[in-house]
Structures are given as structure tokens and as C-alpha cells.
Amino acid sequence: MDLSRLTRRVGNMLIAAAVVRDAIVGGCHRGQLSGRAGEGKGGIRILTPFGLAVRIVPGEDAETVLLAVEPNLRYALPPHDPRYQPDDLQPGESCLYNADDPDGGCRIHLKRGGVIAITCKDAIVKADNIARLEGGQVEIHAKSRLAMDCGGNGVVWTPDTRTDYVTGSTGTAKPIHPPEVPKDG
């Protein structure tokens with residue numbers, strides 16, 4: 001038996017690799033990896049935790065560890081890409097983020113003290129049954145426009161105007177008078 005082949009095989013059971021590109025194939029996350037000395041490995045399954053799906057930004061900045069379980073069976077751990085990892089987390093905090101994050105883009109930040117901060121361009125929440133916002137205090141703030149609609153009856157506020165409307169053949173628009181808010185409070 002050639003001892004150098006065995007030594008190389010054992011040495012290649014666990015290697016660092018760059019993720020060149022990835023894809024979802026047959027429900028599995030697979031990647032094209034580049035190991036030491038330019039060794040290319042294609043179709044490597046990238047393992048991710050339950051409930052988390054990721055796609056990398058192409059290039060060779062995302063790194064992973066490649067496990068050779070058997071001669072023809074290799075797995076990669078979830079890739080790490082230092083270009084996009086937030087560097088403003090405090091001890092004990094975690095964050096879901098994407099490649100837009102360095103530009104103030106898109107993240108769900110689980111902060112200490114029971115605070116969840118969501119940063120994004122657009123937030124869309126859909127529910128088939130009930131979408132509820134509940135709290136001791138609920139505040140809704142809009143800089144330029146606030147709109148609410150229920151089955152074609154609604155209202156639109158801007159800093160200067162309020163427009164009540166009814167659409168369809170359900171009736172005609174009637175003035176809606178909100179409750180008066182006391183001037184002292």
C-alpha cells in the first residue's frame with residue numbers, strides 16, 4: 001500500500017474551500033467548490049440548518065469546510081461570506097441578513113432586551129386568516145402617505161390631506177369623522 005496516497009486521503013477528509021457558485025438542484029443546495037491548489041469539486045451538497053435557506057453571492061469570498069465522508073460522498077458546511085456579515089452586533093445578539101445589509105439593506109436583528117429590529121426597503125406581511133399587530137402601545141408612522149382599505153372602503157392620509165373613499169357599487173363616499181383628540185393630550 002502506498003503510504004503517501006493514504007496520507008493524502010486522510011489529509012483531504014476535511015478541507016477549507018471557497019464556494020465559487022451554488023444552486024438548488026432537486027431540492028438540495030449544491031455548490032461548486034474550489035479547494036487548496038485549485039482543486040475543483042462540483043455538485044457538493046451544502047448542509048444548512050432546518051428552516052434556513054441561503055444562496056451565496058458568486059465569487060470566491062464565501063468559505064466553507066468540505067467533509068469527505070466517503071470517497072464519492074462529500075458535504076459542505078453552511079458557507080460564510082465576510083463581505084456581508086454584520087459587524088454591529090452586541091454579545092448575545094443574532095441577525096438574519098442578506099447581501100444588501102452593508103448598504104443598510106435587509107435584516108432581521110434579534111437584539112438584547114427582547115427587541116426585534118427589522119430593516120428593509122419594503123415589508124410585506126401576508127396572512128390567509130388574521131394578521132394582527134398587538135401591544136401595550138401600537139404606533140403607526142408614515143412620512144408621506146398612510147392608506148387603509150377594507151373591501152373598497154378606505155382612507156388615505158398625506159401630511160396635507162385626508163381622502164375618504166368608497167369604490168364599486170356598494171354605496172357613495174360619506175364623510176368619516178374621526179374621534180376628536182383633546183388638544184392637551
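This is a predicted model: local features need pLDDT of at least 70, side-chain atom pairs count only at pLDDT 80 or more; totals for chains, interfaces and linings use all residues.
Good morning. The largest pocket in this structure is lined by 19 residues, and those nearest its centre are Val54, Arg55, Pro79, Tyr97 and Asn98. On a 1 Å grid over the protein atoms alone, a pocket is an open set of points with protein on both sides within 12 Å along at least five of seven lines, whereas a cavity is a set where a 1.4 Å probe fits but cannot get out; lining residues have an atom within 4 Å of a point.

Residues are numbered from 1 along each chain as its sequence is written, and side-chain values use heavy atoms, with hydrogens and water left out.

The volume of the largest pocket is about 530 Å³; a volume here is the space filled by probe spheres set on the points, with grid points joined across faces, edges and corners. Its lining has 14 nonpolar, three polar and two charged residues. Nonpolar covers Ala, Val, Leu, Ile, Met, Phe, Trp, Tyr, Cys and Pro; charged covers Asp, Glu, Lys and Arg; the others, Gly among them, count as polar. Which domains contribute at least three residues each to this lining? They are domain 1 (3-76) and domain 2 (84-134), with bounds from an automatic or database domain assignment.

Let us turn to the strands. Strands (E, at least two residues) and helices (H or I, at least four) are DSSP runs, numbered from the N terminus, and two strands pair if DSSP finds at least two bridges between them.

I begin with strand E1 (residues 14-25). E1 is joined to strand E4 (residues 63-70) by five bridges, and the two run antiparallel; Ile15 has Leu66 of E4 as its bridge partner. With strand E2 (residues 28-34), E1 pairs in the antiparallel sense over seven bridges, and Ala18 stands opposite Ser34. The hairpin of E1 and E2 has two residues between the strands, and Gly26 takes a positive phi near 55° there.

Next comes an open sheet of three strands in the order E6-E7-E8, with antiparallel pairing. Four bridges link E6 with strand E7 (residues 107-111), and Leu96 is partnered by Ile108 in E7.

Asp122 lies in the loop between E8 and E9. Is Asp122 buried or exposed? Asp122 is exposed, at a relative accessible area of 60%; exposed means over 50%, buried under 20%, and partly exposed in between, using a 1.4 Å probe and protein chains only.

Finally, another open sheet of three strands has the order E9-E10-E11, again antiparallel. Its edge strands, E9 and E11 (162-166), each pair on one side only. Strand E9 (residues 146-150) and strand E10 (residues 153-157) are joined by five bridges, and their hairpin includes Gly151 in the turn, with a positive phi of about 60°. Between E10 and E11 there are five bridges, and Gly154 stands opposite Tyr165. Thank you.
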